[in-house]
Amino acid sequence: MSDWETIRLDHEEGVATLTVDRPDRLNALNVETLEAIEEALAEAEDEGARALVLTGAGDDAFVAGADISYMQDLSVAEAQAYAELGHRVADKIESFPAPVIAAINGYAFGGGCELALAADLRVASEDAIVGQTEIDLGIVPGWGGSQRLPRLVGDETARRLIFFGERIDAQDAHEHGLVGEVVASDQIDDHVADLAADLAAKPRYALAAAKETLNQAHETTQEAGLRYERRVWSGLFGTRDQREGMEAFLADREPDWE
Ligand code: COA
């Protein structure tokens, strides 16, 4: 296993947990941390993770954003490289071949919110606070927020969140559809672990196919998306899990997935 200073990656029964671990900086993402996340995602994929949990160390923050002390004096070219790195990491979360759950256990601002937006599911603790706060730093979301946020919450709400840089609590985030559910702070770890374990117990190739087709819904026209769906759907026939799932149903027994 790799040795990173600012993140941890744990594997347990098919579930990989990637924890951003810079609590003295509220888990803000500097270059080293983003690069480590990129490597950890590749490692989790190589290890065959069937679900991945993304969270932050400590009780205060999921991720308090991109690293403001690093960004302060960046040139345009350096900022471009930082945005490309952030985009690459978010894209790898989005295309990770298993469901990714963001366990938002505290502040998720700016790039932290954008990291969560790239996940498949977002669970927030009741005391989490989230927002695209970049406007108050004189910049705008640069790691996908301008594209992923409106898809999730709708155009007007995204404009409001980004224009005002508002910091909203978990309940408001839930009402906007920015997070899928809110749970008590002392239960978020167990709850997310249960969700991840349930996902890890599903047929992995079908889940990956479901994720791919859902991702396509945001990428393409409906006609092309339906064509893609037909290909992915029919491609699952003849796989061990398709035969097993249907045979188990017809024999009235539990399936034994690959
Ligand atoms: N980048 C770099 N350092 C950060 C950071 C960030 N995004 N967010 C917090 N930190 C650092 C603080 O500078 C502070 O460092 P210090 O101990 O050397 O002073 C440390 O983390 C603790 O943060 P602090 O502000 O003292 O904690 P707090 O509990 O009073 O406030 C927040 C917490 C999250 C409300 C506040 O830190 C904040 O607003 N952070 C910036 C959020 C933001 O705009 N993010 C978007 C960036 S794109």
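This is a predicted model: local features need pLDDT of at least 70, side-chain atom pairs count only at pLDDT 80 or more; totals for chains, interfaces and linings use all residues.
Lysine 211 forms a salt bridge with aspartate 120, with 2.8 Å between the closest N and O atoms. Polar contact between domain 1 and domain 2 amounts to 7 residue pairs, counted with both residues at pLDDT 80 or more. The side of domain 1 that touches domain 2 comprises 8 nonpolar, 2 polar and 4 charged residues.

The domains themselves cover residues 7-200 (domain 1) and 204-251 (domain 2). Their centres, taken over C-alpha atoms, lie 27 Å apart. At the interface, 14 residues of domain 1 are in contact with 6 residues of domain 2. The area buried between domain 1 and domain 2 is about 790 Å², and carbon and sulfur atoms account for 47% of this area. On the domain 1 side, 52% of the area buried against domain 2 is supplied by Arg50, Glu94 and Arg151, more than by any other three residues.

With regard to the chain as a whole, the secondary structure consists of 11 helices and 10 strands. The C-alpha trace extends over about 60 × 40 × 35 Å along its principal axes.

Terms used
Residues are numbered from 1 along each chain as its sequence is written. Side-chain values use heavy atoms; hydrogens and water are left out. Domain bounds come from an automatic or database domain assignment. Contact means heavy atoms within 4.5 Å. Buried area is the accessible area (1.4 Å probe) that two parts lose on being put together, summed over both. A salt bridge is a side-chain nitrogen of Lys or Arg within 4 Å of a carboxyl oxygen of Asp or Glu. A polar contact is a pair of N or O atoms within 3.5 Å; within protein, one must be able to donate a hydrogen and the other to accept it, and residues adjacent in sequence count only if both atoms are side-chain atoms. Ala, Val, Leu, Ile, Met, Phe, Trp, Tyr, Cys and Pro count as nonpolar, Asp, Glu, Lys and Arg as charged, and the others, Gly among them, as polar. Helices (H or I, at least four residues) and strands (E, at least two) are DSSP runs, numbered from the N terminus.
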